[in-house]
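Subject: Structure handover

Hello,

Here is the structure I said I would pass on. Please look it over alongside the notes that follow.

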Amino acid sequence: MKATAEVAAPARVARRPRAAARRRGVRTTAFRWLVLAVLVLLWEVATRVAGSAFFPTPGTIVTRMQAMWFSGPPQRLFLSDVAVQNILPSLGRMAVGFAGGALAGVVLGLAVGLSARVYDYLDGVLQFLRAVPPPALVTVFLVVFGFGLRMQLAFIMFSIVWPVLLNTADGARAVEPLHLQTCQVFRLSRAERLWLVVLPSALPKMFAGLRLALSLSLIVMVFSELLPGTTNGIGFQLTEAYSMFDLPAMWAAIVLLGVLGYLLNEVFLVVERRVLGWHRAAQEPVG
Amino acid sequence: MLEIDNLSHVYGAGTPNEHRAIEGLNLSVAEGELLCIVGPSGCGKSTLLRSIAGLISPTGGQVKVEGNLVRQTPDNLAVVFQDYSRSLFPWMSVADNVALPLRRRGMDKKARREAAMEALESVGLSGAERKYPFQLSGGMQQRVAIARALAYRPTLMLMDEPFGSVDAQTREDLEDLVLKVRGHHQMTIVLITHDIDESVYVGDRVVVLSKAPAHVVGDLKVDLPEPRDQITTREHPDFVHLRAEVGRLVRGHAAVV
Amino acid sequence: MLEIDNLSHVYGAGTPNEHRAIEGLNLSVAEGELLCIVGPSGCGKSTLLRSIAGLISPTGGQVKVEGNLVRQTPDNLAVVFQDYSRSLFPWMSVADNVALPLRRRGMDKKARREAAMEALESVGLSGAERKYPFQLSGGMQQRVAIARALAYRPTLMLMDEPFGSVDAQTREDLEDLVLKVRGHHQMTIVLITHDIDESVYVGDRVVVLSKAPAHVVGDLKVDLPEPRDQITTREHPDFVHLRAEVGRLVRGHAAVV
Amino acid sequence: MSVTATALAPGRPARATVRWSRRAVGALAFAALIELVSRTGLADREFLPPATEIVARMGTLALDPAFRAHALTSLLAWAVGLGLAAVAAVPLGLLLGSVPVVDAATRSVVEFLRPIPSVALIPLVALVIGTGLQLRISLVVYASLWPILYNTMYGLRGVDPLAKESLRSYGFGPLSVLLRVSLPSSAPFITTGVRLAAGIALILTVSTEIVAGRGEGMGVFIYFAGIAVPARMTDILAGVCWVGLFGVAVNALLVAFERRAFRWHHARLGEQT
Amino acid sequence: ACSSGGGTTASAPPAAASGGLEKTKIKVATLPAIDSAALYVAIDQGLFEKEGLEVTPQVVQAAPEAIPMMLNGEIDAMFGNYVSMFQAQDKGTLKLRILAEGSRAAPDSLSIMVLPTSPIKTPKDLEGKTINVNVLHNFQELALTQVLKANNVDPASIKYVQVTFQNIMPSWKGGQIDAAYLGEPMVTAATSTMGARKILDPASGPAAEFPISGYVSTQEWYDKNPHVAAAFQRAIHNAAKLMENNREVVSKVLPTFTQIDAATAATVTFPYFSSSDNPVRLQRVADWMLEARWLTKAIEVKTLMSPTTSG
Ligand SMILES: Nc1ncnc2c1ncn2[C@@H]1O[C@H](COP(=O)(O)OP(=O)(O)OP(=O)(O)O)[C@@H](O)[C@H]1O
Ligand SMILES: Nc1ncnc2c1ncn2[C@@H]1O[C@H](COP(=O)(O)OP(=O)(O)OP(=O)(O)O)[C@@H](O)[C@H]1O
Ligand SMILES: [Mg+2]
Ligand SMILES: [Mg+2]
């Protein structure tokens, strides 16, 4: 029948580009793994040749990681006690710190980006705080926040808030003027403007800041675990390993951080792709 | 409804790019009137519109809407911008774009959606509501912007070359749509156009602006039989006469010499 | 010069928003010809233009320019985009915008500047060269885009509703400018317009497209006496006849029903 | 005054004097807060001295040639590090942002390297390249590379595709489009990345000095003030404040640069010049 | 100057010439702490000069930091604590050579202290309490463990937290640590300004005269520069001898490389500075470390030490 033929035709056309896209995806993934494999191989060769105690081979490192963290029972996803006692608290600290810092960054960034008045009042102080080296302020943090978790969280938030803040402010300030005029014409409330227009158009830049903040939070998490009073965490294990010259363990922590950073970033990109779908599509050159 | 009194606007005063866009412009529009503005390219029509909408504060003179001095955007006003593609929100679907201003109308989600669909249908875009602006052709985007303004049911509607990017047939349909809506909802409309025929066909009055700095050089009452009709009205001798008249006035002030 | 063979384009194939914009379109344009394309809003005219310019790769069929399959943008081609305001670079002055493509011509700075000034003058914008695009009115921006294309002296020029935002007088002047330039520099021009009169006035041929998916539903040769003239040509009986013919074809395929 | 203020709260732009006095008010309020917290004993005064004392100490430090030498060394490391980072990151960002294959191929490596804290790298870098100024500089480069790189990549994504098509249609190749359209169009956002990086570089310079510092540098000064018995908190905080003030100055300079270089951007967004 | 031995500098005394030094200029990493004093005294008193050596100290913050410098040849030798050094040796990071012993804990130079108001009165009260250390698994812990055992306190019940020097006071006053593990000059300062009470001396009983730090180089360096090593050892030992009965020479140099002012320098308790090397007492450290499982295998300290060449 004619109708079915007409329906069938576009469907056939449709499948082709989709399959092509999937093939492309598979190819880049394969490529990525290939690059990674080659680099690891080079690393193995280089460390073997160098034979320096400071640079153990990847094989040694992985063995150590396995023994230290992933030798637990299967029902606990193979996580060992050491892993449960150190990796999980670290991730918890990082997650809370990241969430808090990101939220503060977005809120402050919007305030600074949107209101000339707030900008004027806060600009100096914020720029000042941004340049202040947190390690020099440990004592002040200690006095204000006390030992342990609260101080660690404050430390993480204080360190990662800046990229989010600056990029959000920049995004909020660079909203297409005609969009704002449209809002003004239709008398949208402040909240509506903020939520429906300013936020979405600042989102792409905000995400650049968030992505920076994410891996920064991993770094600062490690820093925070060097602070007085820490008794567990990846950072704690890292320094402990270093002070005992247990270089394979130190490298294990470094590699674990790298892997965590990589995984977190992948998750982040998935979220970004969902939230910024419109942006990607609109930016893609047609066709 | 709208009173413009000795309006002037200078862009970038004191800079090397200083430009006097409007000078000593007087104009008043009655309630329910449909005023068409024509004038040479770059004379200051859009600037005038922005002043009425309270988007810029003119450097001289004043604008009053319903007796109130315009300091910020007056209530119940809608604008169809000349740069329609930039005035749509790329992160919203077409339907959401149209429904957005209706939030101020205190309508619930369903009512907003229905009103948006209705407006989209009236501009010939039913079926496109789920698309995003970048997936539409230029003319379709322009119609979305028109639908957004129409759905809002403003008492004063400002339209800056609203039908510039659509084909002849659609253009006529949209002209009739504007006329119909105006009649139904007692809107006052200010419409900028470069199409002289159009200005005479839809307008109750046609105002011709001079080249920059803009001021009024012609103000013609259009007394054509109502309801207007694309065929008979355009054949009416008064139409032919008025159109020639407007044409002469515009030509006297064209941009390219 | 230009051969379009069984061209098809589907947007977003496989997604819920799949749209067949062009299907089985055949068209050829001879060297030095000025072809006008008219068709209902959203039918696929801009899509066709993008395919010719090599900016999208069509999902079916092929486009040849000077005998070569278009895979990327052909040499010596210029495009005036429908969305002119976004096609100008906001960080460059008007003169720089116009002069930029001339780098491809291997001209030195001075020569570029001179060519740019000349092109700007021809579109009635001398004096605006130092301004930035956002400081111009809509119609002025459109003319900058035209000036940029003209200054480039392409052998094939694609224009997407290039005179939509200018006043009647300027529009006529620009029409004549295009005719003049075409004669001087042996350009082939494809011009999309919604103005039926314009299509007949400037075109050697007028092609009417159907509504989406677009294909050719009318192809009229315009045999009016040369040189064309805004007054006499438009009064010519053939003009009146052709214009009615094109009008009928377009109306049969309008977007709003 | 900023754009969006016009849009969200229409009004006349504030004059420069007003803006500067607002800034002063903000700074004074902050100082007053510290003064209060310290004087009321909310925080132990021994560890958080009052602002007035810190400021007084800042004054005497400024006259101290030894401290000035420390500051100069730090600034040198900072400037070299930031400069190298910018020189490396912008082209890299352009490459990764415009050639998806390269991005895909390197992403796993880049994302793996990024979260490695520089403290962990100190001994390794020290072993390979030594512990002098080059150690500080390489760590600064390593940390401040990312904001510039990411802002460049994200900036490229925000470029209007029609602007790119315009140039492409005139037969310009991908490289020209990149340099003539994508780069200028995303330049304001890249500069924001540089501003971010400037702050991070400053922090890293001083922090590295604190952790591994010897010789000269603000961080070394701060470190030695910290290991005194009792710790010289006023010295530490005065040093920190000088670092902070320097950060403010750098930021102000960069903002002024942005305003000049990207006039088109700010003007279009509605800023009055 | 000349790179090869022979002590060609004009001021080089005959002893150097006869020593046939492999090089005359060496760089040694030191810590900004009292323990490093012997090196500075040796410089100050011209003892190195007498051996034909020109020694440049390089202050670092902690021993682990100096190891990479030593490995890549930036410095010739370093002053470091034995616990770190033995761990590095054990892990193969470093092939160690002890050039000269440095400092040993003297009575009252280390102290476990509490605030006047603290309920902790006896060592037994420390059980289950939190105590700070500079670095985890270091000599502080090692010594205290022995002393606690001797005092019938379960060492495993102590919670150690790592607190940097600068933050000991705020954490202590803020109640985040129950007892503070202090070294000089903080012991003196805490006693005089805060009225802090001493609960235990970690350098007493089994850990009396506990060796803390020494001067080390790599085995490779030692093999290449045996004469320099011997000359260096002599100078350090001679300095220690000088310091034994003469506080003045130490107090004089302290303010030059630590943050200790002249007044404090006059009153603090010094550690013992070793004027000869003694493998027996040093072996104790290695044995305790093995006991604490900080080492994977036993270290025979004697094989790492140089013959004593000083009088
Ligand atoms: N932001 C600005 N800064 C400086 N000059 C400006 C600015 N906006 C507009 N102008 C100038 O003001 C004049 C009037 O502009 P306007 O947009 O009002 O013209 P118009 O009548 O709408 O023209 P068109 O029909 O081409 O849209 C133009 O000459 C333009 O160059
Ligand atoms: N990126 C896209 N994704 C999906 N659909 C698209 C996209 N671009 C265009 N379309 C659709 O393709 C059709 C043709 O678009 P095109 O821009 O070619 O129309 P046009 O003939 O130029 O119309 P107009 O005269 O209004 O400019 C439209 O229906 C539009 O919705
Ligand atoms: Mg206009
Ligand atoms: Mg189009």
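Chain A is divided into domain 1, residues 2-51, and domain 2, residues 59-283. Taken over C-alpha atoms, the centres of these two domains of chain A are separated by 30 Å. Please keep in mind that this is a predicted model.

Next, ligand 2. Ligand 2 sits between chains A, B and C. There are 22 residues around ligand 2, and those that come nearest are B:Q135, B:S137, C:K45, C:S46 and C:T47. By type, the shell around ligand 2 consists of seven nonpolar, twelve polar and three charged residues.

The contacts of ligand 2 with chain C include these:

- C:S46 has a polar side-chain atom 2.6 Å from an oxygen atom of ligand 2.
- C:C43 has a polar backbone atom 3.3 Å from an oxygen atom of ligand 2.
- C:E161 has an N or O atom in its side chain that is 3.5 Å from an oxygen atom of ligand 2.

On its own, ligand 2 has 640 Å² of accessible area, and the protein covers 95% of that.

Now the metal site in chain B. Which residues coordinate the magnesium ion (ligand 3)? They are B:S46, through OG, and B:Q82, through OE1, at 1.9 to 2.2 Å. The two residues are 36 residues apart and link distant parts of the chain. B:S46 belongs to helix α1 (residues 45-52) of chain B, while B:Q82 is in the loop between β6 (77-80) and α2 (84-87) of chain B.

Is B:Q82 buried or exposed? B:Q82 counts as buried, because its relative accessibility is 15% and the cut-off for buried is under 20%.

Last, the helix that carries B:S46. Six of the eight residues of α1(B) are buried, so this helix is largely enclosed by the rest of the structure. The buried residues in α1(B) are B:K45, B:T47, B:L48, B:L49, B:S51 and B:I52. After α1(B) comes B:G54, which has a positive phi, near 75°.

Regards

Conventions
Residues numbered from 1 in each chain as written. Chains lettered and ligands numbered in written order. Predicted model: local features only at pLDDT ≥ 70, side-chain atom pairs only at ≥ 80, totals over all residues. Heavy atoms only, no water. Near = heavy atom within 4 Å. Polar contact = N/O pair within 3.5 Å; in protein donor to acceptor, adjacent residues only side chain to side chain. Areas by Shrake-Rupley, 256 points an atom, 1.4 Å probe, with all protein chains shown as cover. Nonpolar A, V, L, I, M, F, W, Y, C, P; charged D, E, K, R; others polar. Donors = N, O, S within 2.8 Å, 3.2 Å for Na, K, Ca; no water. Helix = DSSP H or I, 4+ residues; strand = E, 2+ residues; numbered from the N terminus. Buried < 20%, exposed > 50% of the residue type's maximum accessible area, 1.4 Å probe, protein only. Domains from an automatic or database assignment.
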